[in-house]
Amino acid sequence: MTDTPDSDDVSRRTYLKLAGGAGTATFLAGCTGGGESTTESTESSGDSESTEETSGDDSDSSTEYNALEVQHWWTGGDGGAAVQALFEGFEEQHPDIELTENPVAGGAGQNLRAVIKKRILNNDPPSSWQAWPGANLQPFTDADKLEDIEESVWGHNDMKNAYLDGPQEAAQPAGNYVSVPLNIHRLNNLFYNVEVVEDAGVDPASIDSPSALVDAMATVDEAGYVGMAQQTNSAWSTGQLWAQVLLGEYGADVYADVTAGNVEANADAVRDSLDIVKQYSEYYPNDAGSISWQDANSKIIEGDAAFFHQGDWAAGMYRGQDGFEYESNWDHVPFPGTEGLYSLNMDSFPMPTNNPSPEATKAFLRYVGSVDAQERFNPKKGSIPPRTDVPQDAFGPFLQNQMDDFSNSEAQPLSIQHGLAVAPDALTAFEDAMASFISNYDVEAAYSAVQSAFQ
Amino acid sequence: MSTHILKRLLDRLRDGGPPVRTDGGTAAAGSETAGGDSDVGSALSSLRESDAVRSAPFWLPPFLLMGFFVYGAISWNIVISLTDFGGLTLPTYDPSTFDLEMYRRAFSDGQFWIATRNTFVLLISFTGLSLAGGLGLAILVDRGIRFENWFRTVYLLPFSLSFVVTAVFWRWMYNFDSGLINAFLRGIGLDFVASKWLTGSIDTGALGAIPLVPDTFYFKLFAVIFALLWQFSGYAMVVYLAGLRAIPNDQYEAARVDGASILRMYRRVILPQLRASTVSAAVVLMVFALKAFDFLYVLFGSNPGPTADILSTMMYRQAFSANEWAYGSAIAVVLFVVALTVVAPYLYGEYRRGEL
């Protein structure tokens, strides 16, 4: 066959065949490590293994602290300044510990979470990292990747007395202490523009339930303002809002029961709260679908909109705005119906197993749980300390009020949208449910999606 | 048989390439006799001196790197999709536990079908419209207009922008209150057309009874397609323009002498000759459509909602938000198969025509 005239022309195809054959052979040899040609490389890899082992021995036998590697996503703005203040404080107390920060920016922590998962799977965790506590850490505790620090960290600095129940619960995703919360952002807020609500003749303090807020927004709407400055470009703000509506209309017990997976038992509550959010959506700005939460917040600052629901990081924007002052231009009430509750969104630092620097990490976590650390970090971040014994002097008037609310709160419900109450897979399914909900506001479909997300 | 080919190949290399065939016919087999009497020893020594071996430092490293990082990664992804890998515990990779559970799960997941539908809508309408738009522009530019180069640059410019940039400013363009599109529509008195382009919908009414036409038509995906169209039709234009320039002027003249109208000339004489341009532009555009992930991610985050969710955003969410690594891999494999079905016919066609 090869002698036919056509095959005389050795085509490119033949080159490819040969090249492919040679390539595959080399590749296979490289993989199996069986051939003669790979003996050399096997030896050299053996060498490198043994050097790693010896270097590992060296570091284990040393009595000094190993270098500490802390990863976080606070790379700029309020968070960046706050975490630098935290690290400075730590270095003052522990000049003997070398601290390397290894920040991963972007995606509201999504990028860092991907890095951490990869490192944990490779059994090469950093000393500690910024993580939402609570159910967000469940995959880590399920895989036995976090260490119990009840004795070594929570036993110090009077931490167990200084932290309220909610934050302590979040530090124990599997029933034992594995993480140290550093800050709290409140979620059950309703911000408003004072001038706008006065002009419309609405008194925010008298709105006593999420459903009553609908009427207030209708009044505001008639006066020619946007009722609620909400963004629906991405789903998370709506997820947050729905959780506060459920909390405000039906209370902390129903809320906790729903997040624990008993959606069917509370079917009416879930449906009704979704329906209230649907009614709110009538009073959103026209461009809600193409703005960010900052754009939405600007509508409050510019006096175009009356109400704004968001975590209390939104107040950071007001603080940065000259001539827009707390109580005279903008003000805050707990989300209607949630007075006496302090809905938590927290950051914490967990303690991984196989820690590259166990002692230094414990020292760092003890510091994170101390008054000094939380007093340095939180005023800059615009959050409040989870410890209730931190002096209020360093905080502005708004945060001082929030701290009082926190100390006097009856319960501290864990956030859904920010991972404290539900594990990552349930959170992803919940976000899917909310993404569908904001595109069609189909209450029944959203109910069954939430139900299957939490079960 | 293979040694025979190898030997002949080496002979050919030594002879310095294929004989010139000026008439397009079969050349006389001069090399056949030239290599006939060489023995195995000389074949080996010539193997050492052959181009393939001597050029190995140039082609081998990229070959191995591609093999490992591209094809190796694809194979590994397929392996993961057969496991139950989820959470933070590594799977055992025991072949006896491999199953198609994740594919079954995907095929019974309503969200997966919604994402698949959107992926195909995006793929087909974006590619079709880009080609049509590009062809139109190319013909206009080819008509010998003034400032031709200037127009060509203007149309191609968006192609050089990153998805991140175009996504951000299309979000501004689509803003209901302050966006350029609605400002323009209001400016020319079409207030009633101005819409919430990213969240709005219209009821299709009686048309909803027709199969495949939804009851409610959401703009979101088409807002995305339109933005991508703006970015990529310039590319299709350049490809078509090259195709048009390759057609000799004589043919235009002959058609004109024969009395063909412009429309008829393009339809019967010019367009049939643009097949190759169409195919190569279509493949590139389809691959871009499958990569629309960055555009959607910048616009809406990792969850664009059911009206614009595509397979790649769903894969990202399942793998990196929900820690469902195996499920994410299975979706990635489906996406890979879709990409293959787009590219494979093209490659096969090129191969058949001897252009590969």
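This is a predicted model: local features need pLDDT of at least 70, side-chain atom pairs count only at pLDDT 80 or more; totals for chains, interfaces and linings use all residues.
Domain bounds here come from an automatic or database domain assignment.

**Entry 1: chain A, overall**

I counted elements first. Chain A has 19 helices and nine strands. I then checked burial: of its 455 residues, 47% count as buried. I also looked at contact range. Among contacts in chain A with a separation of 6 or more, 78% are between residues 24 or more positions apart.

**Entry 2: chain A, two domains**

Domain 1 of chain A takes residues 68–186 + 345–407, and domain 2 takes 189–341 + 423–454. I took the centres over C-alpha atoms and found them 28 Å apart. How many residues of each domain are in contact with the other? Domain 1 of chain A brings 12 residues and domain 2 of chain A brings 10.

I went on to the domain 1 side. Helix H6 (138–142), strand E4 (179–186) and helix H17 (397–407) of chain A each give at least two residues to the side that touches domain 2. H17(A) supplies the largest share, three residues. By class, I read four nonpolar, six polar and two charged residues on this side of domain 1 of chain A.

**Entry 3: the three-stranded sheet of chain A**

I traced an open sheet with the strand order E2-E1-E3 in chain A. Its pairing is parallel. Strand E2 (99–101) and strand E3 (128–129) of chain A are the edges, each pairing on one side only. Strand E1 (residues 68–71) of chain A runs parallel to E2(A), and three bridges join the two. I picked out one partner: Val70(A) is bridged to Glu101(A) in E2(A).

Which helix packs on this sheet? I found helix H15 (residues 358–368) of chain A, touching E1 and E3 of chain A. The direction of H15 makes about 50° with that of E1(A).

I turned to strand E9 (residues 344–350) of chain A. Are its residues mostly covered or exposed? Strand E9 is mostly covered, with seven of its seven residues buried. I sorted them by direction. Leu344(A), Met346(A), Ser348(A) and Pro350(A) point one way from E9(A). Asn345(A), Asp347(A) and Phe349(A) point the other way, and all of these residues are buried.

I then looked for the partner strand. E4(A) pairs with E9(A) in the antiparallel sense, over seven bridges. In this pairing, Pro181(A) stands opposite Ser348(A). E4(A) had come up already, as a contributor to the side of domain 1 of chain A that touches domain 2 of chain A.

**Entry 4: the four-stranded sheet of chain A**

I followed another open sheet, ordered E6-E7-E5-E8 in chain A, with mixed pairing.

I checked one pair closely. Strand E5 (residues 189–193) of chain A meets E8(A) in the antiparallel sense over five bridges. Tyr192(A) has Asp331(A) as its bridge partner in E8(A). I also noted helix H10 (residues 210–222) of chain A, which lies across E6 and strand E7 (305–308) of chain A. H10 runs at about 160° to E6(A).

**Entry 5: chain B, two domains**

I repeated the domain check on chain B. Domain 1 covers 61–104, and domain 2 covers 110–245 + 275–352. Their centres, taken over C-alpha atoms, are 30 Å apart. The contact takes 12 residues from domain 1 of chain B and 10 from domain 2 of chain B.

Helix H5 (56–82) and helix H6 (101–107) of chain B each supply at least two residues of the domain 1 side. The largest share, five residues, comes from H5(B). I classed this side of domain 1 of chain B as six nonpolar, five polar and one charged.

**Entry 6: chain B, record against model**

I opened the UniProt record, an unreviewed entry. The entry lists "transmembrane region" for residues 58–80, 120–141, 153–173, 217–242, 274–300 and 325–348 of chain B. I looked up two of these spans in the model. Residues 120–141 of chain B are 100% helix and 0% strand, with end C-alpha atoms 31 Å apart. Residues 153–173 of chain B are 71% helix and 0% strand, with end C-alpha atoms 22 Å apart.

The unreviewed UniProt entry also places "domain: ABC transmembrane type-1" on residues 116–348 of chain B. Over that stretch I read 68% helix and 3% strand. The end C-alpha atoms of residues 116–348 are 25 Å apart.

Definitions and conventions
Residues are numbered from 1 along each chain as its sequence is written. Chains are lettered from A and ligands numbered from 1 in the order in which they are written. Two residues are in contact if their C-beta atoms, placed from the backbone, lie within 7 Å. Ala, Val, Leu, Ile, Met, Phe, Trp, Tyr, Cys and Pro count as nonpolar, Asp, Glu, Lys and Arg as charged, and the others, Gly among them, as polar. Two strands pair if DSSP finds at least two bridges between them. Axes are lines fitted to C-alpha atoms, for helices over the stretch in contact, and angles run from 0 to 180 degrees between N-to-C directions. A residue is buried if 20 or more other C-beta atoms lie within 10 Å of its own, exposed if 12 or fewer, and partly exposed in between; C-beta atoms are placed from the backbone. UniProt positions are given in the numbering used here, feature names are shortened, and annotations may be inferred rather than shown by experiment.
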